[in-house]
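Biologist: I am new to this structure and would like to learn how to read its features one by one. Could you take me through them slowly?

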Amino acid sequence: MAEILGVNVDCVTMAQAMQKIDELILLKKPSLIATANAEMLMLATHDFELKQILNSAAMVTPDGAGTVWAARHLGFNMPERVAGVDLVTNLLHKNYKSYFFGAAPGVAKKAAENFPSVVGTRNGFFSKVEEPKIIADINATNADILLVGLGVPKQEKWIFNNLDKLNVPVCIGVGGTFDVLAGNTPRAPMWMQRAKLEWLFRALLQPSRAGRLIALPKFVFKVYKNSESEKS
């Protein structure tokens, strides 16, 4: 376990993360899994509720080169990046019954077309009064995994606040994964992923994200500053 800016992140490989999810599904006790990139970890430094939720999660995976760098810089043995979209894709290929909840109307449904194990979909636009029906619809499918794409931190807070009502063993916040699976948002070429430049590809593809990507250098500076202050 690596503590990064007050958040505990699991030092796991993709294979170990998959094994942990297998175990959680067998336990059949609703649990929350988060995929933490630098942006989420920075947000948690001033969103105390999010920090508490992450530190109560069954597993927090290192989703992002920044998270892996921070863990290693702080002296933790973080083996590799466990990208959220790759984790989701691997789980879908294992044919667990999955429910897609989130994204714009039609996106989750389109994303589910290539995965026969998806037992239900619902877009991410809803009011508070609709939540009981959404939860009832999810529970009625007997899904093993609930993938929630409402954006950070809304998806983590929604899962946490409804965990006692959900009869789903594993609930994962997946951000924009449905748009990737639906083909609406392309992933970076493999060479950019290997070079840890996926963040740059997203910035070039979606200039509107550039402001959010400022979080990365801020994150690096904060981690470095905190580590230096601890040494002194």
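Biologist: In which helix is the place of valine 220?

Modeller: Helices (H or I, at least four residues) and strands (E, at least two) are DSSP runs, numbered from the N terminus, and valine 220 has its place in helix H13, which covers residues 215-231. Before we go on, please keep in mind that this is a predicted model, in which local features need pLDDT of at least 70 and side-chain atom pairs count only at pLDDT 80 or more, while totals for chains, interfaces and linings use all residues. Residues are numbered from 1 along each chain as its sequence is written, and side-chain values use heavy atoms, with hydrogens and water left out.

Biologist: Is valine 220 buried or exposed, or partly exposed?

Modeller: Buried means under 20% relative accessible area, exposed means over 50%, and partly exposed lies in between, with a 1.4 Å probe and protein chains only. Valine 220 has a relative accessible area of 32%, and therefore it is partly exposed.

Biologist: How many salt bridges does a search of the whole structure find?

Modeller: A salt bridge is a side-chain nitrogen of Lys or Arg within 4 Å of a carboxyl oxygen of Asp or Glu, and the search finds eight of them. One of them joins aspartate 22 and lysine 94, whose closest N and O atoms are 2.8 Å apart. Aspartate 22 lies in helix H1 (residues 14-27) and lysine 94 in the loop between helix H5 (84-93) and strand E5 (98-102), so this pair ties together parts that are 72 residues apart in sequence.

Biologist: Which residue forms a salt bridge with lysine 157 at 2.9 Å between the closest N and O atoms?

Modeller: The partner is aspartate 47, and the pair links distant parts of the chain, 110 residues apart, with lysine 157 in helix H8 (residues 154-162) and aspartate 47 in the loop between helix H2 (38-44) and helix H3 (48-56). Lysine 157 and aspartate 47 are both buried. A network of salt bridges links Asp47, Glu49 and Lys157.

Biologist: What else is found in helix H8?

Modeller: Glutamine 155 lies in helix H8, and with 2% relative accessibility it counts as buried. Contact means heavy atoms within 4.5 Å, and, leaving aside neighbours within four places in sequence, glutamine 155 is in contact with Val148, Gly149, Leu150, Gly173, Val174 and Gly175.

Biologist: How many aromatic pairs does a search of the whole structure find?

Modeller: Rings of Phe, Tyr and Trp (its six-membered ring) pair if their centres lie within 6.5 Å, and planes under 30 degrees apart count as stacked, over 60 as edge-to-face and the rest as tilted. The search finds three such pairs. In one of them, the rings of phenylalanine 101 and phenylalanine 126 have centres 5.4 Å apart and planes at 45 degrees, so the pair is tilted. Phenylalanine 101 and tryptophan 158 form an edge-to-face pair, at 5.0 Å centre to centre and 65 degrees between the planes. This second pair links phenylalanine 101 in strand E5 with tryptophan 158 in helix H8, 57 residues apart, and ring pairs link Phe101, Phe126 and Trp158 into a cluster.

Biologist: Where is the peptide bond that is cis?

Modeller: The bond from valine 152 to proline 153 is cis, with omega near 5 degrees, and proline 153 has its place in the loop between strand E7 (145-149) and H8.

Biologist: What does the count of disulfides come to?

Modeller: A disulfide is a covalent bond between the sulfur atoms of two cysteines. By the rule used here, a pair of cysteine sulfur atoms within 2.5 Å, the count comes to zero disulfides. Cysteine 171 counts as buried, at 0% relative accessibility, whereas cysteine 11 is partly exposed, with a relative accessible area of 22%.
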